[in-house]
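Please consult the sequence and the structure while reading the points below.

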Amino acid sequence: KDGIRLAKGIAVDKDGYVYVADKPANLIRKFNIAGQAVMQIGANQLAKPEDVFVTQNGDVYVANTGADNVKVFSKDGTYKKTIDGQLQGPVGIKVFEPTGEIYVSNTKKKEIVVYDNSGKFLRTITAPGLSQTGGLYIDANKNLYVTNPNMDNTKVFICDSVKGNVIRTIDTYPNNPTYVVSPKPGVMFISDSNHNRILRYNNDLNDMTFSFDGGFNRPAGIA
């Protein structure tokens, strides 16, 4: 909790450092494995960031929600570039490292926007029934997981990240999925901020097997 005002998306780099999007502070905060704050990224450059992703080479990608763009910083926190165009309320971001493609959850347009590794717009992904794009995750097979936290239709959509076809939807009602991660096939974790818990789906995502519900206060990011 060192200095954090409101934690949203989080990321962990290959060395175990934790990055937290602190939305009201307009910062990305970096912590070591002991939980000590070691760096602030984006001071005077970010506006209500909602999510963060760190690549294997240490580049830090930020869904800069309040400014409708993506900001990219180097490992030492130096500003590198801005990716904009097409975005209205970006709240989730992931990079598919084998190709460098950048996936952004564009919540006001109810879509995912895809850019190449230089920031050039490639395509949008939409899905029938996707009424509010939230957190997202992309697995090694390029399957795209997108949360739909709209309380009238709480689901996780799994899509083909190239063609945009819906492969499957997971009904999470009455749970409210905000962020999602799938560490291995058939397993998925979602943060359920409305009920102050983290949920695990197992058995090829057919069963909600257990939840972590101790000590949370509207959990958001999960990595």
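Phe216 counts as partly exposed because its relative accessibility is 35%. The model described here is predicted.

**A nonpolar surface patch**

- Phe216 is found in the segment that follows strand 20, which covers residues 207-212.
- Together with Phe210 and Phe212, Phe216 makes a nonpolar surface patch of about 270 Å².
- Residues of a patch need over 30% relative accessible area, and Phe216 has a relative accessibility of 35%.

**Salt bridges around Glu50**

- Across the whole structure, a search finds 10 salt bridges.
- One of these salt bridges joins Glu50 to Lys8, with 3.7 Å between the closest N and O atoms. This pair links distant parts of the chain, since Glu50 belongs to the loop between strand 4 (37-41) and strand 5 (51-54), while Lys8 belongs to strand 1 (residues 7-12), and the two are 42 residues apart.
- Glu50 also meets Lys23 in a salt bridge, with a distance of 2.7 Å from N to O. Here too the pair links distant parts of the chain: Lys23 sits in the loop between strand 2 and strand 3 (27-31), Glu50 sits in the loop between strand 4 and strand 5, and 27 residues separate them.
- Is Glu50 buried or exposed? Glu50 is buried, because its relative accessible area is 9% and the limit for a buried residue is under 20%.
- Lys23, by contrast, counts as partly exposed, with a relative accessibility of 24%.

**The salt bridge between Asp15 and Lys75**

- Asp15 and Lys75 form a salt bridge in which the closest N and O atoms are 4.0 Å apart.
- Asp15 counts as partly exposed at 45% relative accessibility.
- Lys75 likewise counts as partly exposed, at 42% relative accessibility.

**The second largest pocket**

- Rolling a probe the size of a water molecule over the atoms shows where empty space is left.
- The second largest pocket holds about 440 Å³ of space.
- Which residues lie nearest the centre of the second largest pocket? Of the 25 residues that line the pocket, those nearest its centre are Val12, Phe53, Lys94, Tyr137 and Val181.
- Two or more lining residues come from each of strand 1, strand 5, strand 9 (90-96), strand 13 (136-138) and strand 17 (177-184).
- Strand 5 gives the most to this lining, namely 4 residues.
- Sorted by class, the lining of the second largest pocket consists of 18 nonpolar, 1 polar and 6 charged residues.

**Residues with a positive phi angle**

- Lys142 is not a glycine, yet its phi is positive, at about 65°. Lys142 is located in the loop between strand 13 and strand 14 (143-148).
- Lys142 counts as buried because its relative accessibility is 18%, which falls within the limit of under 20%.
- Asn196 is not a glycine either, and its phi is positive at about 60°. Asn196 is located in the loop between strand 18 (187-192) and strand 19 (197-202).
- Asn196 is partly exposed, with 27% relative accessible area.

**Distances in sequence and in space**

- Ile138 belongs to strand 13 and is buried, since its relative accessible area is 9%.
- How far apart in space are Ile138 and Asp59, C-alpha to C-alpha? The two residues are 18 Å apart in space, while in sequence they are 79 residues apart.
- For Asp15 and Val104, the separation is 89 residues in sequence and 24 Å in space, taken from C-alpha to C-alpha.
- Asp15, as stated above, is in the loop between strand 1 and strand 2.

Methods
Residues are numbered from 1 along each chain as its sequence is written. This is a predicted model: local features need pLDDT of at least 70, side-chain atom pairs count only at pLDDT 80 or more; totals for chains, interfaces and linings use all residues. Side-chain values use heavy atoms; hydrogens and water are left out. Patches are made of residues with over 30% relative accessible area and no salt bridge: like charges are joined within 9 Å, nonpolar side chains (Val, Leu, Ile, Met, Phe, Trp, Tyr) within 5 Å. Accessible areas come from the Shrake-Rupley method with a 1.4 Å probe; for residues, only the protein chains shown count as cover. A salt bridge is a side-chain nitrogen of Lys or Arg within 4 Å of a carboxyl oxygen of Asp or Glu. Buried means under 20% relative accessible area, exposed over 50%, partly exposed in between (1.4 Å probe, protein chains only). On a 1 Å grid over the protein atoms alone, a cavity is a set of points where a 1.4 Å probe fits but cannot get out, and a pocket is an open set with protein on both sides within 12 Å along at least five of seven lines; lining residues have an atom within 4 Å of a point. Grid points are joined across faces, edges and corners, and a volume is the space filled by probe spheres set on the points. Ala, Val, Leu, Ile, Met, Phe, Trp, Tyr, Cys and Pro count as nonpolar, Asp, Glu, Lys and Arg as charged, and the others, Gly among them, as polar.
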